[in-house]
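Please walk me through this protein model. I would like to see how its parts meet, and then look at one residue closely.

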Amino acid sequence: MTDSDSAAPSSPTPPNYDWDGYGFDTRQVHAGEREERNFGARVTPVYLTAAYRFASFDEAEARFTLAEEGQLYSRNLNPTHLVAEARIASLEGAAGAIVVGSGQAAITGLLLGLAGEGEHLLATASIYSGTRVLFDRTFARFGVDLDYVRDPRDADEWERLIRPETKAVFVETIPNPKNDLVDIAEISRITRRHGIPLVVDNTVATPCIIRPLEHGADVVVHSSTKFLTGHGAALSGVIVDGGTFDWAGSPRPYPGITEPVAPGKPSFLEAFGRHALEAYLRFGIVNDLGAALSPVNSFLLQQGIETLSLRMAKHQENADAVATWLDGHPAVESVDYAGLPTSEYHGIAERLYGGQAGSVFAFTVRGGREGAQRFFDALRVFSRMTNIGDVRSMALHPATTTHVSFSADERERLGIHDGLIRLSIGIETASDLIADLDQALRAAVGATPEETLS
Ligand SMILES: Cc1ncc(COP(=O)(O)O)c(C=O)c1O
């Protein structure tokens with residue numbers, strides 16, 4: 001026996017559970033994971049339980065009064081969710097996050113938590129059509145007033161529309177279908193001056209392309225149904241709290257956060273400090289509204305996030321190839337893609353988005369509505385459907401679908417013309433996507449496969 005054979009075995013190092021300071025790719029796989037002590041399961045288990053057993057009378061009271069944070073009911077805390085929430089907060093550089101049933105639930109919970117009857121929100125006009133419908137139909141019924149900024153680059157327009165009762169500004173990093181990127185750093189300078197939280201929907205960009213909190217945003221929301229999940233199998237939404245907005249110092253009142261939760265009790269701000277908004281939403285408004293996510297969907301969200309950066313790189317590469325090719329196609333009138341040097345949004349893409357414009361954009365086919373219809377019906381690789389951010393490539397005709405309830409005037413102002421087609425570019429082989437688009441464009445203009453188009 002040698003000396004080394006007889007040495008006492010070294011004790012194994014414990015696994016790492018603190019991923020702060022690690023790279024993005026490492027954190028998308030690991031951040032937020034917790035040790036599973038029962039069986040050592042390596043992948044986060046799906047905790048399919050509506051509620052949790054209390055150890056005692058005292059523990060039940062402590063959980064209900066928030067004197068002690070812990071599981072009580074899955075409408076506000078679930079162990080599967082906790083991992084997804086910590087992971088997304090890490091990727092966005094945030095204080096915390098909460099997951100909810102859908103992107104729409106995230107936007108509703110957050111904004112109804114900030115603004116009530118007689119109050120006002122300001123948003124950019126080109127945000128997702130479903131969010132506009134939510135604001136104009138449902139928020140209007142609740143007495144929450146909305147105004148839309150037509151040109152987010154026009155500081156005077158923002159200043160004109162901000163009112164004393166404006167409680168949040170809502171923008172998207174990469175709006176669809178027009179890919180009209182927003183300079184959130186510039187907008188945040190305006191919202192800061194007014195003490196208004198800047199809420200950014202980062203669904204299309206994801207934290208791979210831009211982390212809005214680094215550019216002055218206060219809160220980020222996601223339809224994680226899209227790129228974060230990536231496989232298109234489940235709906236989910238996320239509210240990401242930057243933890244830096246000064247709720248008490250703003251000239252605008254946020255009583256849900258700054259006032260006692262009950263007589264004699266501290267406010268969420270006093271009890272939770274930089275996690276005040278997260279706690280207010282988790283234990284207050286989102287819990288009240290009942291927008292809970294299924295733990296199964298939370299599991300599916302985590303499965304997607306693990307490969308986010310790999311998918312996003314391929315989405316981006318394919319989108320660049322397809323947009324550049326479309327831009328030179330004789331059957332195409334125009335391409336709305338900030339990745340093209342000719343786009344009026346290219347400068348913003350270069351300055352703020354690392355030269356990337358995401359993979360959801362639009363183009364206009366020759367022949368108006370009829371051309372669009374012939375193109376759409378000829379697609380074989382692209383799916384005709386209304387999702388975005390899936391690994392599969394998809395196409396949609398906004399004028400007759402997502403924007404069909406908008407007036408013709410409003411569609412015109414938004415540039416949703418009859419020949420406009422929205423694409424969400426997936427991760428397939430780029431030449432297959434281009435070949436599919438080519439045969440469909442030929443069908444749109446009545447050309448044969450052999451004909452040279454001009
Ligand atoms: C940018 C954006 N935000 C929010 C939503 C709403 O998300 P969900 O469909 O998950 O409710 C969508 C849906 O398309 C979207 O594209």
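Predicted model: local features only at pLDDT ≥ 70, side-chain atom pairs only at ≥ 80, totals over all residues.

Residues are numbered from 1 along each chain as its sequence is written, and side-chain values use heavy atoms, without hydrogens and water.

The chain is assigned domain 1 (24–305) and domain 2 (309–444), with bounds from an automatic or database domain assignment. Their C-alpha centres lie 29 Å apart. Domain 1 gives 38 residues to the contact and domain 2 gives 40 (contact: heavy atoms within 4.5 Å). Together they bury about 3,300 Å², 57% of it on carbon and sulfur atoms (accessible area, 1.4 Å probe, lost on being put together, summed over both parts).

Five salt bridges would be written here as a count: 5 between domain 1 and domain 2 (a side-chain nitrogen of Lys or Arg within 4 Å of a carboxyl oxygen of Asp or Glu). Arginine 153 forms a salt bridge with glutamate 344, with the closest N and O atoms 3.1 Å apart.

Now turn to threonine 203. It sits in the loop between β5 (198–201) and α9 (DSSP runs, numbered from the N terminus: helices H or I, at least four residues; strands E, at least two). At 7% relative accessibility, threonine 203 counts as buried (under 20% relative accessible area, 1.4 Å probe, protein chains only). The side chain of threonine 203 reaches the backbone nitrogen of serine 223 at 2.8 Å. Threonine 203 also touches residues including Val221, His222 and Phe227, leaving aside those up to four places away in sequence.

How values were computed. Buried area = accessible area lost by both parts, 1.4 Å probe. Buried < 20%, exposed > 50% of the residue type's maximum accessible area, 1.4 Å probe, protein only. Polar contact = N/O pair within 3.5 Å; in protein donor to acceptor, adjacent residues only side chain to side chain.
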